[in-house]
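Me: Hi! Could you walk me through this one while I look at it?

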Amino acid sequence: MIKIENVSKSYGSIQAVDNVTMTLAPDEVVVILGPSGCGKTSLLRLIAGFEYPDSGTIKMGDQMLSSKHQKLAPSRRHLNMVFQDLGLWPHMTVFNNIAFGLKRSGITRQQIVARTKEILQQVSLQPHQQRFPSHLSGGEKQRLAIGRAIATTPDYLLLDEPFNNLDVILKQEMIDLLLALKKKMGMGILYVTHHLDEVLNLAERVIAMQQGELRQIIEKTQSFNEQELLTWYTENIQHS
Amino acid sequence: MANNIPNKKSLVKYGKKDIFVNICPYNYELFLTLPLAMPHILSGAIFVFIFSIIDFSVSDILRIKVFPLEIFIEFSALYNERAAVILGLPLLLITMVLISLQVWSMRGRSYINFTSGYHDGHHLGRAAQGLAIAFCLIVISLSVIVPVGAMLKIAGPLSTYQNALNSSLEQIGFSIIVAAGSALLMTILAFFIAHSMLNSSPKIRLVLEYLTQLPFAIAPILLGIGLIKVWNRPMTDWLYGGVFMIVLGYIAHFIPFTIRAVYASLQQMNPRLEEIAWLATTNKFRIIAKITLPLVKNGLITGFFISFILAMGELGVTLLIMPPGMETIPIKIYNFMHYGAEAMVAALCIILLVLQLLFSLGLLGISKWFK
């Protein structure tokens, strides 16, 4: 379980993350909902290990991931991330985009090829494995980003508004794919968005965030529909 | 007309050019393009000014007395090192102030754009376009066509080029090897410096930007004197008498340009591309080799060729630090000039120009091939 305790982070005079405490259990989908600039992405970057927190700690079980003075390398955190702009390596083929993360000591070339082909199959990109990202459609690019992120079998997947630019049908396809992969691999997902429809489709727990603070949490035991969620969101976010 | 435009600063900020175009076509240039391009214009003007004020090689050849030439005379003709250094201080002060102004005006902006960019085709009127073309033609004629034409005339028949080539093959080879080696070293150094700059905090980045620009503020004559004073001692004599001094001189003189070219390409690379690689590996060199270098190759190629071309034509520093028994093409031209061998000078100048043109075309070719 990822435990975030009293984590704060500021950039100059801007308080991006303000004393945040939360957990993410394995096999759980938590959605962080909040307006643009509320600190969602900063929180994900802290969890991924790209930044040092100003205060507080981030732990995975008993292992310290981040504190003010120490930070475990991102690649040693057993997690992966999908960015809003996907960040596909434009000079690498689809195959190499996925295989890059698998090239570690102790893994043979045959194992890398086999695992890459397995991932390509899971995200339905086998016919495009020798193409470059610029030659893929929007949905294929999203699938490649997800495939690359799950290739290393992470325990947790962090997603930063990855489906923002997709139409409704494609977005639903991606969410279905994500949930299917989650079910198969049993990983925890922390999903950041400001779209309520994504919350309804994905979330087991919803966290509202504003001005760097966690404002409200809806537990998975509570059922909610779109109208209730909208009311809850506007009460906790827009009017706070 | 300008008074009719409400809150023009905010309009410029948000790029609402149509409002300007509807009022008067030239307002677009005056109130949108010009303010956006002003840091680059100012920066360019400062570069040209510094280039002009620190150079003494052209004026030496033309026998025109300029300030850096006085320093050169004090140092190399009158052997008065102290006077040369004292004379150099005001020059150094002026150029350092200008570099500060230039770094401040740019404030982290990119110098070069390697992407093709988007331009929606707002054009000047025909008269303005004609003026712009005429201006460019006049500048090119005066600075390139007329001098090259004059040199071609002075050089005369093809046999002069044959003689020049025969007598200077060694120097041409030496110039190419030293310039290419220096450019390669500069490009490698520039990559690591630029990469560190990009990953620094904004305050440290600004300091590094200033520091990396600073060598440009040092006039070639002062740089040459400095290098001699530092390296001309018994302990470092084995380095001082070799090609190392020339390479060091080129690096010290031209690395700001290499850094700017490489830094510009790094600035335009999506930082997420490296971050995602960090999620996969802790091996920094693997990330640099597999992700960063392929993505900034155009900047590296540009940086290499800028350094190479500048090093090939360098005279100011080389004149002071050239070890005995070695000669570059510009030094050979300079020496021929003093012997009054005008035809040979002209032929060698044309050869140097052709070489630089060929390498520039090579740059274009390599860039396109990599695409």
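Me: What am I looking at, and how is it numbered?
Reply: This is a predicted model, in which local features need pLDDT of at least 70, side-chain atom pairs count only at pLDDT 80 or more, and totals for chains, interfaces and linings use all residues. Residues are numbered from 1 along each chain as its sequence is written, while chains are lettered from A and ligands numbered from 1 in the order in which they are written.

Me: Thanks! How many helices and strands are there in chain B?
Reply: Chain B has 18 helices and zero strands. Both are DSSP runs numbered from the N terminus, helices being H or I with at least four residues and strands E with at least two.

Me: And what share of chain B is buried?
Reply: Of its 371 residues, 30% are buried. Buried stands for 20 or more other C-beta atoms within 10 Å of a residue's own, exposed for 12 or fewer, and partly exposed for anything in between, with C-beta atoms placed from the backbone.

Me: Let's do helix packing. How do H6(B) and H9(B) pack?
Reply: Helix H6 (residues 81–106) and helix H9 (residues 202–217) of chain B pack at about 140 degrees, with axes 9 Å apart. That makes H6(B) oblique to H9(B). Under 35 degrees is roughly parallel, over 145 roughly antiparallel, 65 to 115 roughly perpendicular, and the rest oblique. The axes are lines fitted to C-alpha atoms, for helices over the stretch in contact, and angles run from 0 to 180 degrees between N-to-C directions.

Me: Which residues of H6(B) and H9(B) meet?
Reply: On H6(B) they include Leu92(B), Met96(B), Ile99(B) and Val103(B), and on H9(B) they include Tyr210(B), Leu214(B) and Phe216(B). The contact residues of this pair divide into eight nonpolar, four polar and one charged. Nonpolar covers Ala, Val, Leu, Ile, Met, Phe, Trp, Tyr, Cys and Pro; charged covers Asp, Glu, Lys and Arg; the others, Gly among them, are polar.

Me: Nice. How about H10(B) and H12(B)?
Reply: Helix H10 (residues 220–231) and helix H12 (residues 243–267) of chain B pack at about 135 degrees, their axes 11 Å apart. H10(B) and H12(B) are therefore oblique to each other. Among the residues making this contact are Leu223(B), Leu227(B) and Trp231(B) of H10(B), and Met245(B), Leu248(B) and His253(B) of H12(B). They divide into seven nonpolar, three polar and no charged.

Me: Is Gln267(B) buried or exposed?
Reply: Gln267(B) is buried, because 20 other C-beta atoms lie within 10 Å. It sits in helix H12 of chain B. Leaving aside neighbours within four places in sequence, Gln267(B) contacts Ser110(B) and Leu198(B).

Me: And what does Ile351(B) touch?
Reply: Not counting residues up to four places away in sequence, Ile351(B) touches Tyr161(B), Ala164(B) and Leu165(B). Ile351(B) lies in helix H18 (residues 342–370) of chain B. Its C-alpha is 8.7 Å from that of Ala164(B), 187 residues apart along the chain.

Me: Switching over: how many residues of chain A and chain B are in contact?
Reply: 16 residues of chain A contact 14 residues of chain B. The chain A side divides into eight nonpolar, six polar and two charged.

Me: Last one: what is the average pLDDT of chain A?
Reply: Chain A averages 87, and 95% of the residues score at least 70. pLDDT is the predictor's confidence in each residue, from 0 to 100.

Notes: Two residues are in contact if their C-beta atoms, placed from the backbone, lie within 7 Å.
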